[in-house]
Amino acid sequence: MISYPRPRVPIQPVLSLRSLGREKGKGVPSVLDAGQALFVTSGRMAIAMALQQMKLGEGDKVLMPAYHCRAMVEAVLWTGATPTFYRIREDTSVDLDDIGTKIDASTKVFLIVSYFGFPQDMASVRAFCDRHGLMLLEDCAHAFFGQVGNKPNGSYGDYAIASCTKFFPVYDGGCLVSARHRLDTSALTSGGAGFELKSVLNTMEKGFSYDRMKAIRWIAALPMGIKNVIWRVVKRHASSGAVPLGPGSADGGAGFEPEWIGRRSSFMTRLIVRGASRTTIATKRRSNYRTLEQALFSLPGCRTLFASLPDEVVPYVLPVLVDAPEIVFPALKRAGVPVVRFAEFLWDGVDDQVCPVTADLSRRLMQFPCHQELESAELQWMIAKIKEVLLTCVRDGNELDTVSP
Ligand SMILES: *Cc1c(COP(=O)(O)O)cnc(C)c1O
């Protein structure tokens, strides 16, 4: 296992003194406007809970995209249901023709992802589900904000889920939303005092570690000291098999921990999600996306996945297709660039046969952050590094070409 340095620039939003702002005007539509919402500890828990609400179990099948992250599959398997992987097209839209051939009597749910914040054609998908008697689960993990067909993201599904950590400077958090069914808000239980404390301290610590909130560092020095003492005690107990204080998903883990199903997200998360200015988040993300896109436009060996940024889209990241990913990806990581390959690790058996487009994207598609907490110096540093790596890789590639017979 190769280990890379920590990214020099935060991959996801980190808390700064500017994170909370008063909303001016009406704000930007989000999944929270789609219907009733429950705040849970992660997007993957929200998927499991949505399927639970749909009474899914053994013998049932869930249509899910071949292009996925593993946590989604684990959430489906937890219910006892079986995933059926369907194809996507080159622009990441769902391939309804392929899906049509995969439906049988036990197919109950259609799980759909709006990748990188760009919505699917939801009206057609909803009509398709109604025709085939399927329940629709909208995975808006990449699309917390935005709308499609004049309705906020998440409005077409029987249920929708979102991930808070991808759009807000929070430690934990996901949402389960429904525009069509009643959700029982009283059913959620607390994650416990240790979890609440961990959420506050980790949110702040992450900000400090990226040099945010310098003005209040001294205030936090005391609680951080207390935290270290608590952690020492907790770790001693944890080795005896006690429940961890926070979900692994919040600590960047890729796994699925069923003990966090039915738990409410931390108070700190709800405070930040409610208090953040949607307009600022949307404006900054769109402008960072454009800045990155323009900088990468003329570079050799890559092109952006989407030709344009529609007005109603609030991007999660900038997705870029790279010609020589085997060289470029590790080189970027070594340079400390915050690069991620969505679906880098596909579920066993999901290969070129299942979906050729997925196989290609999983290898070649790299995502760069455009979140609202990027400082302009960080954005510029990132652009300079990406340029350097791509130009070096192209030069080395050309040299190899001239050397080879
Ligand atoms: C990240 C992600 C999830 C899970 O969200 P977490 O909050 O990390 O659990 C679900 N679906 C997709 C498409 C994702 O990218």
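Me: Is Gln372 buried or exposed?
Reply: Gln372 counts as buried because its relative accessibility is 7%. Buried means under 20% relative accessible area, exposed over 50%, and partly exposed in between, with a 1.4 Å probe and protein chains only.

Me: What should I know about the model first?
Reply: It is a predicted model, where local features need pLDDT of at least 70 and side-chain atom pairs count only at pLDDT 80 or more, while totals for chains, interfaces and linings use all residues. Residues are numbered from 1 along each chain as its sequence is written, and side-chain values use heavy atoms, with hydrogens and water left out.

Me: Where is Gln372 found?
Reply: Gln372 is in the loop between strand S12 (365-369) and helix H11 (376-403). Helices (H or I, at least four residues) and strands (E, at least two) are DSSP runs, numbered from the N terminus.

Me: Which side chain does Gln372 join in a polar contact?
Reply: That of Arg285, at 3.0 Å. A polar atom of the Gln372 side chain also lies 2.8 Å from the backbone oxygen of Phe167. A polar contact is a pair of N or O atoms within 3.5 Å; within protein, one must be able to donate a hydrogen and the other to accept it, and residues adjacent in sequence count only if both atoms are side-chain atoms.

Me: And what else does Gln372 touch?
Reply: Leaving out residues up to four places away in sequence, Gln372 touches residues including Pro13, Phe168, Pro169 and Ile281. Contact means heavy atoms within 4.5 Å.

Me: Changing topic. Which residues are around the ligand?
Reply: Among them are Arg44, Val113, Asp139, His142, Ser163 and Phe342. A residue is near a molecule or strand if one of its heavy atoms lies within 4 Å of it.

Me: How many Å from a ligand oxygen is the Arg44 side chain?
Reply: A polar side-chain atom of Arg44 lies 2.7 Å from an oxygen atom of the ligand. For His142, an N or O atom of the side chain is 2.7 Å from a ligand oxygen. A polar side-chain atom of Ser163 is 2.7 Å from a ligand oxygen. The ligand taken alone exposes 380 Å², and the protein buries 93% of that. Accessible areas come from the Shrake-Rupley method with a 1.4 Å probe; for residues, only the protein chains shown count as cover.

Me: Where does Asp139 stand in the pairing?
Reply: Asp139 stands opposite Ile161 in S8, and Val113 is opposite Asp139 in S5. S5 (residues 135-139) runs parallel to S8 (residues 159-163), with three bridges. Strand S4 (residues 107-113) also runs parallel to S5, with five bridges. Two strands pair if DSSP finds at least two bridges between them.

Me: Why is S5 largely enclosed?
Reply: Because four of the five residues of S5 are buried.

Me: What is the strand order of the seven-strand open sheet?
Reply: S1-S9-S8-S5-S4-S2-S3, with mixed pairing. S1 (36-40) and S3 (82-86) stand at the edges with a single partner strand each, so one side of each has no neighbour in the sheet.

Me: And the order of the three-strand sheet?
Reply: S10-S11-S12, with antiparallel pairing, and that sheet is open. S10 (302-304) and S12 are its edge strands, each pairing on one side only.
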